[in-house]
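Hi,

Here is the model I promised to send over.

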Amino acid sequence: YGGPLFLYYPPGFSYLAALPAKAGVGLVTALQATALALWMASGVGAYVLTRRWIGRSGATLAAVAFLLSPYHIALVYIRGAMAEFAAMALLPWVVWLTVRAVEDGGWRWRLPAALAVSALVATHPFIAMVSLTLLAAGIVWAAWRAPAPDRARVLAVGAGTLALGMALSAWFWLPMLAGWGDVAMQRVIDGPGAYTQHFVRPRDLLGWGPRPGDVAVSIGSAHLALSALALIRLPWLRRSHPSVARLVGVVAVVGALAAVLMLPIAEPVWRALRPLQAGQFPWRLHTLLSLASAVLAGASVVGWPWPIHRALVGAGVAALLALNLQACRPAYTFVDNRIGTSQAALDGLRRAFPSLWWEDFLPIAAAHAPPAAPIQPLSVVEGALEVEASRLAPIRREFTVRAAAPARVEVG
């Protein structure tokens, strides 16, 4: 609308949505179809990731819990944060493929895992940075637990898979890092998107307070209840289902870490770790917490006698649907999606999106550019006529000219 806007956004979701658009599907339909496909893929990913440990019914409950986590729903229906929504769909697949690659050691799993890692990096760098760091820690932990002859192999395969994924996505993150110093990104970190302004209160995380702003940060009542049940049963699981107990323990640590980093008490950690600050919003770690709570929900039904197991799965799914499905509707709609070009309309956009406007992403080299010359209307050189300007923008000017006889005008 009159000039370049230096807005840097991860391309992963856009590339995916471009496929149906290029095939002839309308742009809006392509975006909707891509969002629906990603939503389904996230549920399938949660199911595939957990089935080997908690069985089919437990994995089904985990998939439903992941699909209907409040933050997952808010990403698409409230925030419209499609990059983060896509990263959430990729996350269980990245974990599952990496686990299989480490276990198998062959390229039939290592290459798909590396491709998934690269897709995650190109979709949402912040989520990738945090989740891949935790995944690397998990690989080290797995190597430490492995028999001595296998430890070097586990480390080599795991580190090699993550490194290959980073190399495959270098086309995105290398130019991003190279150009970081040429863009005034510190304004984004210190401005409206400063991490210090977006910590979550414990009461909001537990769903006991009003929702702050337009972000659903509650874990969810059903998610909390099922996760608590899994943690209460942890001592029993250690005796009867040790592999499930290890899963619950690891996932509980990841979920607790993500939750703590969203709270104000984590401010010293964010201040000390500057790469975290580029993420702007601590509540973005809800992506990890949502997956963790979903896995714990599925693990809560493991080991019960069959009648109780079946009743718990049914009650869990019913509770998740009853408490969260009603939120699957747009928080607002655009009555008129035509954007005017008047100064009032532009000022309105500037007020609505203060962190996405010129100053935040303006290249440093252009920060002191001379002001553009004022736009002049048509001037009458010869003859008698009426000139009405309907649009005056830097790259487009529209006039209505009325003349009863030949006349000559000049564009200023």
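**What turned up**

W171 has a relative accessibility of 46%, so it counts as partly exposed (buried is under 20% relative accessible area, exposed is over 50% and partly exposed is in between, with a 1.4 Å probe and protein chains only). Before you read on, please note that this is a predicted model: local features need pLDDT of at least 70, side-chain atom pairs count only at pLDDT 80 or more, and totals for chains, interfaces and linings use all residues. Residues are numbered from 1 along each chain as its sequence is written, and side-chain values use heavy atoms, with hydrogens and water left out.

W171 brings us to the aromatic rings. The structure holds 9 aromatic pairs (Phe, Tyr and six-membered Trp rings with centres within 6.5 Å; planes under 30 degrees apart are stacked, over 60 edge-to-face, the rest tilted). In one of them, Y15 and W171 are stacked, with 6.2 Å from centre to centre and 25° between the planes. Y15 belongs to helix 1 (residues 12–22) and W171 to helix 8 (residues 170–178), so the pair ties together parts that are 156 residues apart in sequence. Helices here are DSSP runs of H or I with at least four residues, numbered from the N terminus. Y15 has 53% relative accessibility, so this residue counts as exposed.

W96 and W109 make another aromatic pair, this one edge-to-face, with 5.4 Å between the centres and 85° between the planes. Distant parts of the chain are linked by this pair: W96 sits in helix 4 and W109 in helix 5 (residues 107–123), 13 residues apart. Both tryptophans, W96 and W109, are buried. If you like to look at groups of rings, F126, Y195, F199 and W270 form one aromatic cluster.

S42 is in helix 2 (residues 27–67), and it counts as buried because its relative accessible area is 0%. Leaving aside residues up to four places away in sequence, S42 touches F66, L67, H72, M88, A89 and P92 (heavy atoms within 4.5 Å).

On a 1 Å grid over the protein atoms alone, a cavity is a set of points where a 1.4 Å probe fits but cannot get out, a pocket is an open set with protein on both sides within 12 Å along at least five of seven lines, and lining residues have an atom within 4 Å of a point. The count is 1 cavity of 30 Å³ or more, and the volume of the largest cavity is about 30 Å³. Its lining consists of V130, L134, L257, A258, L261, L285 and L288. Two or more lining residues come from each of helix 6 (125–145) and helix 13 (242–261), with helix 13 giving the most, 3 residues.

The second largest pocket has a volume of about 1200 Å³. Its lining counts 36 residues, and V95, V99, G138, W141 and V250 are those nearest the centre. The elements that give two or more residues to this lining are helix 2, helix 4 (82–104), helix 6, helix 7 (148–168), helix 13 and helix 16 (286–299). Helix 6 provides the largest share, 10 residues.

Definitions and conventions. Points joined across faces, edges and corners; volume = space filled by probe spheres on them.
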